[in-house]
Amino acid sequence: MHSYQELVAELERLVNQVASLVGRLAQSELSPGLTMSAPPRDQLGQLLRGAEQRATKAEAQLLKLQRRLESESRQSQVSAQELNRLAFQDPLTGLANANLLLEHLEKSIKALNARQQLLVVVVDLDHFSVINQMLGHDHGDDLLIRISERLHGLMAELGGAVGRLSEDEFALILTVAAEGAQGKASELARTVRTRLSAPFMLQGQRIPLTVSQGGTFGTGTGDSGRELLQRAQTALTHAKRNGRNQFHLYNPVFEQHLRREATMEFQLGFAMEGEELFLEYLPIIWQDELPGGVVRGRLIGVEALLRWRHRTEGVLPAADFIEAAERSGRVVGIGQKMFEVACRDFVGWKEKGAELYLNFNLSGRELLEPELASRMAEIADRHNAPRDRLTFEFSENCASLDEGIIEGGLSALRSQGFSLALDHFGSSVSSLHRLSLVQFLKLSPRLLQGERELVDKALSIARGLGLVTVGVGVETAEAARFLLGQGCPSVQGFYFSRPLDVSGVLELYHSQPSWKI
């Protein structure tokens, strides 16, 4: 393929050649004395015709190349437009993407006056990954498109902008008056929650949504678009970690918490390797009502409680680091390692004459593991720990996870011969199907802290389902008597004992202490 410049040069050469031949022919006709040195007329004609053919061919090639160049020029213009669209527009929803949002933020910041602030709110769909798993990614994409339409409609009404930051994360930008700005932020968050709470219909199913939101304000000085987005996302993270379906405005304290949590996630790896994680055991007491109104408590089991002997912060309870363990993915390995320890301690007590039951806590993240039940069964069998005396506890907050997967994990544990206990019953709503899988209900401590009228209802549910109840958080003799009077003889709490180490459990069992009830 010749270049454009080569074809032009070839055409110029042929034109010069034709001109030269024509000149020589004319000269031969005008000067007879020169005819002997001039080419014969028929030869000259052949040369002329050949030159004309080559010129015509070169001209056709030149025209073809010119058209091709014009076509490529048009395509390059289209490609440039497409590249511009890809650079600034989200391909699924058609909304602005992160690049265009940042550009818009910078322009909006510069346009602010002293009486204005820029409100940035980041909206995240709660548990969108679960919806994707349930419906498939195509329907998940359809849901995102319809959500973006609602948000776009809302911000068009308010005169603001909206864009998509990531899969299920959207950013809203609105200029508001500095006076009363926080009220405007709360109002916008409520409106977003209302617009998105109206159920979506997908595959014939009603899909209700909740959203977590984080917001921040920018002024005309000292702020950048990127900093505003980062602050709003920090506030969003705080909202998600405090129960979701919430709106929080940015506070610098949030960043301190996030740094601490990130450090803790990193340190957990060393904690596992360095044997910094250990177990304590909280006794489970059975109250026997003896003749003459005397009540005696006896040790029937223990609940294994995870602890971390932190190098700088001292001994930490599981509540202080379990979320970090879940986020880092280490909770599954930690759970299995600690269950090994619990089974070994449990068998050790049995060999020394202490016939007890052992309760072991599972997080929602562990219940999502498809091989959890078989692995726990293998661990128990390897230590010769009888499965019928082992109970796995899980909390009602697991309801926020995929119900089908969670209940599948619970059913698998039951099929392996383990018992199940629902912890903190009464702190939220549990499905009847989930209740049908358990053998024990552990009452939420708040039922003993000002809401005792609910205890009777909870115990009625338990009796109707044939479940054993355990009163948790018993710190006074009066609370113990109340539970016994309501038909709940099994209790835990500091009134009877604080968590014990391995030897402490054995000592308590053999001492057969009595508590005045």
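Helices (H or I, at least four residues) and strands (E, at least two) are DSSP runs, numbered from the N terminus. On that basis, the chain comes to 17 helices and 16 strands. This is a predicted model, where local features need pLDDT of at least 70 and side-chain atom pairs count only at pLDDT 80 or more, while totals for chains, interfaces and linings use all residues. Residues are numbered from 1 along each chain as its sequence is written, and side-chain values use heavy atoms, with hydrogens and water left out.

**The chain overall**

- Of the 517 residues, 44% count as buried (buried is under 20% relative accessible area, exposed over 50%, partly exposed in between, with a 1.4 Å probe and protein chains only).
- Take the contacts (heavy atoms within 4.5 Å) between residues at least 6 apart in sequence: 68% of them join residues at least 24 apart.

- Five strands make up an open sheet with mixed pairing, in the order 2-3-1-6-7 (two strands pair if DSSP finds at least two bridges between them).
- Strand 2 and strand 7 (247–249) sit at the edges with a single partner strand each, so one side of each has no neighbour in the sheet.
- From one strand to the next, the twist averages 25° (axes are lines fitted to C-alpha atoms, for helices over the stretch in contact, and angles run from 0 to 180 degrees between N-to-C directions).
- Helix 6 (residues 181–197) packs on this sheet and touches strand 1 (116–125), strand 3, strand 6 and strand 7. Its direction makes about 155° with that of strand 6.

**Helix 4 against helix 5**

- The axes of helix 4 (residues 128–135) and helix 5 (residues 137–158) come within 7 Å and cross at roughly 130°.
- That makes the two helices oblique to each other (under 35 degrees is roughly parallel, over 145 roughly antiparallel, 65 to 115 roughly perpendicular and the rest oblique).
- On the helix 4 side, Phe128, Ile131, Asn132 and Leu135 make the contacts; they meet His137, His139, Gly140, Leu143 and Leu144 in helix 5.

**Rings and charges**

- A search of the whole structure turns up eight aromatic pairs (rings of Phe, Tyr and Trp, the last by its six-membered ring, with centres within 6.5 Å; planes under 30 degrees apart are stacked, over 60 edge-to-face and the rest tilted).
- Phe339 and Phe360 have ring centres 5.2 Å apart and planes at 65°, so they pair edge-to-face. Phe339 lies in helix 10 (residues 331–351) and Phe360 in strand 11 (residues 357–361), so this pair ties together parts that are 21 residues apart in sequence.
- Phe339 is buried at 1% relative accessible area, and Phe360 is buried at 5%.
- Tyr495 and Phe496 are also edge-to-face, at 5.1 Å centre to centre and 85° between the planes. Tyr495 is partly exposed at 25%, whereas Phe496 is buried at 7%.
- Ring pairs link Phe339, Phe360, Phe392 and Phe418 into a cluster.
- The charged end of Arg389 sits over the ring of Tyr357, 4.0 Å from its centre (NZ of Lys or CZ of Arg must be within 6 Å of the ring centre and within 35 degrees of the ring normal).
- Arg231 lies over the face of Tyr250, 5.6 Å from the ring centre.
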